[in-house]
Amino acid sequence: MSNLKESNTCPDGYRALSTSELRELLQNDDKMDQILRLNEKFQELQVDREMLQTTNRSLAEESLARQPRLYNGKLQLAEKYRELSNLATTCWEKQSQRGEFDPPLKTQRGGGVLGGGMPVDDRCQDIS
């Protein structure tokens, strides 16, 4: 029964056993119980693996389907930042024409006009 150890590591390992070794294995109730438990556990793991692969594939497909929308959103955001930059430049030009040479607008969250905060200074709100 020295080949029994090898049979546990390979599902087809029982094919390598001789007829007498297989008969001996069938008569050993403890060993058969162990083989059945391992086989059931293996089958459960295969089902779990298949379920995880299906879930992973579904998530990957969903992610790929959202890529165009994300790309379009990034383009729209970049365009909005360009518009904001143009408006800020126009505002600063109008301020300099009026003789108001204040530094660029600061925002409530910091980071300048392009940093994402709301302007604290209301002088540029009449630009349209």
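**Salt bridges, surface and confidence in a helical chain**

Arg82 and Glu79 are joined by a salt bridge, with the closest N and O atoms 3.0 Å apart. The model in which this pair is found is a predicted one. Arg82 and Glu79 lie three residues apart in helix α3, and are therefore separated by about one helical turn. Arg82 has a relative accessible area of 47%, so this residue is partly exposed. Glu79 is also partly exposed, because its relative accessible area is 36%, a value that lies between the limits of 20% for buried and 50% for exposed residues.

In total, three salt bridges are counted in the model. Another of them links the side chains of Glu61 and Arg57, at 3.0 Å from N to O. These two residues are four positions apart in helix α3, which means that about one helical turn separates Glu61 from Arg57. Glu61 counts as partly exposed because its relative accessibility is 44%. Arg57, with a relative accessible area of 58%, is exposed, since the cut-off for that class is over 50%.

The side chains of Glu62 and Arg66 form a further salt bridge, again with an N to O distance of 3.0 Å. Glu62 and Arg66 are four residues apart in helix α3, so the separation between them is about one helical turn. Glu62 is partly exposed, with 38% relative accessible area, whereas Arg66 reaches 54% relative accessibility and counts as exposed.

Helix α3 spans residues 29–98 and also contains Tyr81. Together with Leu77 and Leu84, Tyr81 forms a nonpolar patch on the surface. The accessible area of Leu77, Tyr81 and Leu84 together is about 250 Å². For Tyr81 itself the relative accessible area is 36%, and the residue is therefore classed as partly exposed. This value passes the limit of over 30% relative accessible area that is required of patch residues.

As for the chain as a whole, its secondary structure consists of three helices and zero strands. The order of elements along the sequence is α-α-α. Of the 128 residues in the chain, 13% are buried. Among contacts with a separation of 6 or more, 31% are between residues 24 or more positions apart.

The mean pLDDT of the chain is 79, and a value of 70 or more is reached by 68% of the residues. Of the elements in the chain, helix α3 has the highest mean pLDDT, at 94. The lowest mean, 46, belongs to helix α1, which covers residues 4–9. Over residues 1–8 the pLDDT stays under 50. For this stretch the model has 13 contacts beyond four places in sequence. Where pLDDT is low, predicted coordinates should not be read in detail.

Key
Residues are numbered from 1 along each chain as its sequence is written. This is a predicted model: local features need pLDDT of at least 70, side-chain atom pairs count only at pLDDT 80 or more; totals for chains, interfaces and linings use all residues. Side-chain values use heavy atoms; hydrogens and water are left out. Patches are made of residues with over 30% relative accessible area and no salt bridge: like charges are joined within 9 Å, nonpolar side chains (Val, Leu, Ile, Met, Phe, Trp, Tyr) within 5 Å. Accessible areas come from the Shrake-Rupley method with a 1.4 Å probe; for residues, only the protein chains shown count as cover. A salt bridge is a side-chain nitrogen of Lys or Arg within 4 Å of a carboxyl oxygen of Asp or Glu. Buried means under 20% relative accessible area, exposed over 50%, partly exposed in between (1.4 Å probe, protein chains only). pLDDT is the predictor's confidence in each residue, from 0 to 100. Contact means heavy atoms within 4.5 Å.
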